[in-house]
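Dear colleague,

Please find the structure handed over to you with this message.

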Amino acid sequence: MPDRLRGDVRLLGEMLGTVLAESGGDDLLADVERLRRAVIGARDGSVTGDEITDLIASWPLERAKQVARAFTVYFHLVNLAEEHNRIRSLRERDDADNPPPESLAAAVRSIREDEGEQRLGELVAGMEFHPVLTAHPTEARRRAVSTAILRVSEQLERFNSSHPGSSEAAESRRRLTEQVDLLWRTSQLRYTKLDPLDEVRTAMSAFDETIFQVIPEVYRTLDAALDPEGTGLRPTMAKPFVRYGSWIGGDRDGNPFVTHEVTREAISIQSEHVLRALENTCERVGRTLTLYGNLTPPSEALRHALDSAQAGHPRLVSEILTRSPNEPHRQFLMFATERLRATRERNADLAYSGPEAFLADLRMVQDSLAQAGATRQAYGELQHLIWQAETFGFHLAELEIRQHSAVHAQALQEVRAGGELSERTQEVLATLRVIAWIQERFGVDACRRYIVSFTRSADDIAAVYELARHALPEGQAPVLDVIPLFETGADLAASPTVLGGMLELPEMQQRLKDTGRRMEVMLGYSDSAKDVGPVSATLRLYDAQAELTRWAGANDVKLTLFHGRGGALGRGGGPANRAVLAQAPGSVAGRFKVTEQGEVIFARYGQPAIAQRHIEQVGHAVLMASTHTVQEHTAAAADRFRDTADRIAAAAHEAYRHLIDSDAFAEWFSRISPLEELGELRLGSRPSRRSAARGLDDLRAIPWVFAWSQTRINLPGWYGLGTGLAAVNDLEELGRAYAEWPLFASLLDNAEMSLAKTDRAIAERYLALGGRPDLTELVLDEYDRTRELVLKVTGHERLLENRRVLSRAVDLRNPYVDALSHLQLRALEALRSETAEELSETNRSHLERLLLLSVSGVAAGLQNTG
């Protein structure tokens with residue numbers, strides 16, 4: 001472990017120990033230490049699992065809950081220390097002459113050398129990265145906990161930047177301990193369920209604190225890579241390539257709490273945040289432009305604009321002129337600031353009609369500065385503001401609507417029948433009216449994408465267009481891009497046929513004409529993996545991408561594939577940049593759209609340096625995946641190893657379905673995991689099941705993956721792979737596939753990560769709760785087989801051998817996760833026992849709270865939920 005990271009972990013651990021002793025006495029600290037030493041001893045064989053069980057059983061339930069909270073808080077602090085270390089590493093690796101790997105500058109250098117300046121220009125001009133924030137319930141932390149962690153982070157940064165031994169260092173240490181104490185005393189569990197607008201406001205914190213500031217830094221990095229000597233002195237060569245979307249407040253598939261009123265309020269909250277951010281930035285930039293008019297004369301256009309402003313708003317402009325005499329550029333930006341404020345406050349007399357008018361004003365000021373020779377002012381901070389306005393508009397992120405195809409089918413049936421409409425059908429029509437209102441208020445780009453879950457035919461797409469015509473008077477229907485979402489294995493296979501049918505729809509033909517034949521298709525990773533297993537899903541998604549790319553080429557369609565990836569490996573997660581490079585050749589084509597869910601949002605956008613690194617890594621991958629060199633290499637590898645992959649997928653799929661199709665599998669899964677209790681964590685507004693049914697088909701993919709991660713087996717990330725690899729029985733061939741085919745390498749690397757976070761001994765105890773030795777044997781045999789063959793194919797002696805940083809982090813965490821797992825098992829065994837019904841109400845309440853505390857702690861320790 002790096003010395004500074006070790007120092008931060010030790011410092012924060014000591015402070016937590018102090019806080020525990022102050023809060024619960026030395027006995028609490030001693031119990032935490034006993035369990036800590038025991039789980040570390042279990043890793044080296046000096047302590048048995050039974051001894052740890054006996055230790056935990058000796059504590060009253062109240063003490064067990066306190067210990068669980070202590071380990072949970074410890075993980076929050078370790079995560080924070082690692083985050084700070086990552087930021088330090090990024091800063092230390094920042095070298096303009098030698099750009100770090102997977103950066104925009106590295107991509108620019110590589111493409112310039114391999115494919116030439118012209119091709120580089122084409123790729124940069126066409127690049128798009130479209131992250132879509134979702135409210136899927138995968139963030140186990142309360143917002144109050146996240147805020148407390150942020151305060152600890154600020155104080156840790158202050159402490160590390162102070163001079164050792166100084167009074168400033170002493171005060172920083174005191175403040176840091178104070179914030180650790182506050183984190184310890186903050187409840188780790190939510191007492192009330194989140195509503196959708198709570199989720200909207202939570203996402204806004206990432207925008208306010210990070211995303212808005214980071215975006216222009218990313219574009220500046222790209223501009224400097226393209227022309228390091230000229231950046232800031234000439235018109236930018238980097239166009240805005242990031243466009244944020246959001247499902248938060250728009251995704252109503254299976255969430256009855258997302259209504260048309262919520263959608264309307266969600267876009268209003270977004271607009272309030274972005275307008276306030278633009279207003280503050282415009283004012284800051286404007287106040288710095290203290291350029292004397294005689295030295296930097298305004299252009300004729302700017303003079304006319306100031307005259308017009310004074311004619312229309314004499315009192316306001318006179319006040320500005322008085323405060324900034326003979327500073328025309330500053331005057332006009334201060335007037336623009338007032339117009340932004342009026343836009344936010346809905347003052348129609350002064351407000352901008354839309355972001356285009358605001359951008360026109362900014363560009364006029366920029367042109368005036370450039371004409372006067374003030375190029376540094378024209379293309380410096382003012383350019384950053386222009387980039388922000390271009391990226392976020394007045395709506396911040398495009399609000400996307402999602403609904404299940406079955407809901408539309410029922411609504412259309414009712415509308416056509418002409419009778420009384422159900423409440424749900426009225427809600428569908430009201431949602432379409434709200435989309436029209438959003439477009440009128442904020443522009444078409446604020447809300448025009450409508451995603452249809454479980455699309456089975458072109459009729460599912462046509463239904464939305466027909467409902468829109470029923471919802472509004474003729475000629476007033478909103479502009480809609482209705483997007484099919486293919487989620488199951490069968491739906492993925494049928495996707496080209498569905499798209500062919502969509503081309504026959506008049507509304508789709510008009511949209512293709514209006515957009516230059518652009519079209520979007522969404523691929524669901526979560527449900528496909530849950531349906532057919534991780535191995536088969538990976539290859540079916542790859543095949544679907546390849547087939548859709550061929551279809552788009554044959555039909556002259558500029559296709560964007562929207563990847564519905566989750567945060568966890570069992571839901572298509574993993575490093576986003578590696579995922580891009582593993583896509584089918586031609587399927588990226590300079591464009592990448594992907595969901596960013598739950599804990600992933602704050603992992604990637606919680607700190608500016610990490611957020612910039614994430615966006616740059618994806619941008620690098622999008623550029624590189626679109627080059628001829630990478631596409632040719634990927635295509636050749638896919639052709640060479642396709643037969644091998646098919647054999648692996650067939651055997652893996654059979655093994656996976658054999659397990660989950662076993663008799664009473666759903667009931668067994670509920671017994672061995674905290675699945676049914678997860679809803680009590682109140683992770684989000686959406687129910688964990690699509691209906692009241694209790695089967696696996698109705699269970700959403702998120703709790704499916706979350707519950708398996710809690711059992712320490714992480715089954716959705718690897719199950720079936722061992723059987724698939726064994727079916728090939730050719731280690732040399734498999735090794736070549738791993739070395740040459742990015743998709744296969746990504747599949748094995750992700751499985752290896754899941755296996756590294758697995759603990760077989762603890763998993764056995766969870767599996768035993770189900771009373772099904774046959775299923776326990778199936779799971780453990782497949783685990784052993786998969787672990788053995790993954791190591792042999794990759795050539796590794798140990799899991800994550802080639803990923804030292806990640807391996808170190810996993811090794812550091814695993815013993816402490818073990819502690820929480822043992823605490824969870826105490827609660828789960830009692831709640832699943834034959835005598836559970838005899839528990840007193842008090843004891844049951846204590847056990848359930850212990851279980852939920854441990855669930856939250858394990859999620860923090862493993863750094864993923866669903």
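This is a predicted model: local features need pLDDT of at least 70, side-chain atom pairs count only at pLDDT 80 or more; totals for chains, interfaces and linings use all residues.

An open sheet is built from 9 strands, arranged in the order β3-β2-β1-β9-β8-β7-β6-β5-β4, and their pairing is parallel. At its edges stand β3 (398-399) and β4 (401-404), each of which pairs on one side only. Within the sheet, β6 (residues 481-486) and β7 (residues 518-524) are joined in the parallel sense by 2 bridges. F486 has L523 in β7 as its bridge partner.

Helix α2 and its two sides

Helix α2 covers residues 49-57, and its buried residues are I52, L55 and I56. These three lie on the same side of α2 because they cover an arc of only 95° around the axis. On the face turned away from that buried side, α2 carries the exposed residues D50 and D54. As for what the buried side meets, the buried residues of α2 pack against α1 (3-44) and α33 (804-832).

The packing of α1 and α5

Helix α1 has a further partner in helix α5 (residues 143-161): the two pack at an angle of about 120°, and their axes are 12 Å apart. At that angle α1 and α5 are therefore oblique to each other. The crossing in which α1 passes α5 is right-handed. On the α1 side the residues D8, L11 and L12 take part, and they meet V152, L156, F159 and N160 of α5.

Two residues with positive phi

Two loop residues deserve a separate look. E102 has a phi near 60°, which is a positive value in a residue other than glycine. The loop that holds E102 runs between α3 (61-92) and α4 (104-126). With a relative accessible area of 28%, E102 is partly exposed.

L800 likewise is a residue other than glycine with a positive phi, again near 60°. L800 is found in the loop between α32 (773-794) and α33. Is L800 buried or exposed? Its relative accessibility is 1%, so L800 counts as buried, the cut-off for this being under 20%.

T644 belongs to helix α25 (residues 628-660). Its relative accessible area is 7%, and T644 is therefore buried. Which residues does T644 contact, leaving aside its neighbours within four places in sequence? The residues in contact with T644 are V728, E733 and L734.

A544 is placed in helix α21 (residues 534-554). A544 counts as buried, at 5% relative accessibility. Along the chain A544 and L492 are 52 residues apart, yet their C-alpha atoms are separated by 5.9 Å.

To draw two of these points together, α1 takes part in packing with the buried residues of α2 and also packs with α5.

With kind regards

Methods:
Residues are numbered from 1 along each chain as its sequence is written. Side-chain values use heavy atoms; hydrogens and water are left out. Buried means under 20% relative accessible area, exposed over 50%, partly exposed in between (1.4 Å probe, protein chains only). Helices (H or I, at least four residues) and strands (E, at least two) are DSSP runs, numbered from the N terminus. The arc is that of the directions from the helix axis to the C-beta atoms. Contact means heavy atoms within 4.5 Å. Two strands pair if DSSP finds at least two bridges between them. Axes are lines fitted to C-alpha atoms, for helices over the stretch in contact, and angles run from 0 to 180 degrees between N-to-C directions. Angles under 35 degrees count as roughly parallel, over 145 as roughly antiparallel, 65 to 115 as roughly perpendicular and the rest as oblique. A crossing is left-handed if the near helix is turned anticlockwise from the far one by less than a right angle, and right-handed if clockwise.
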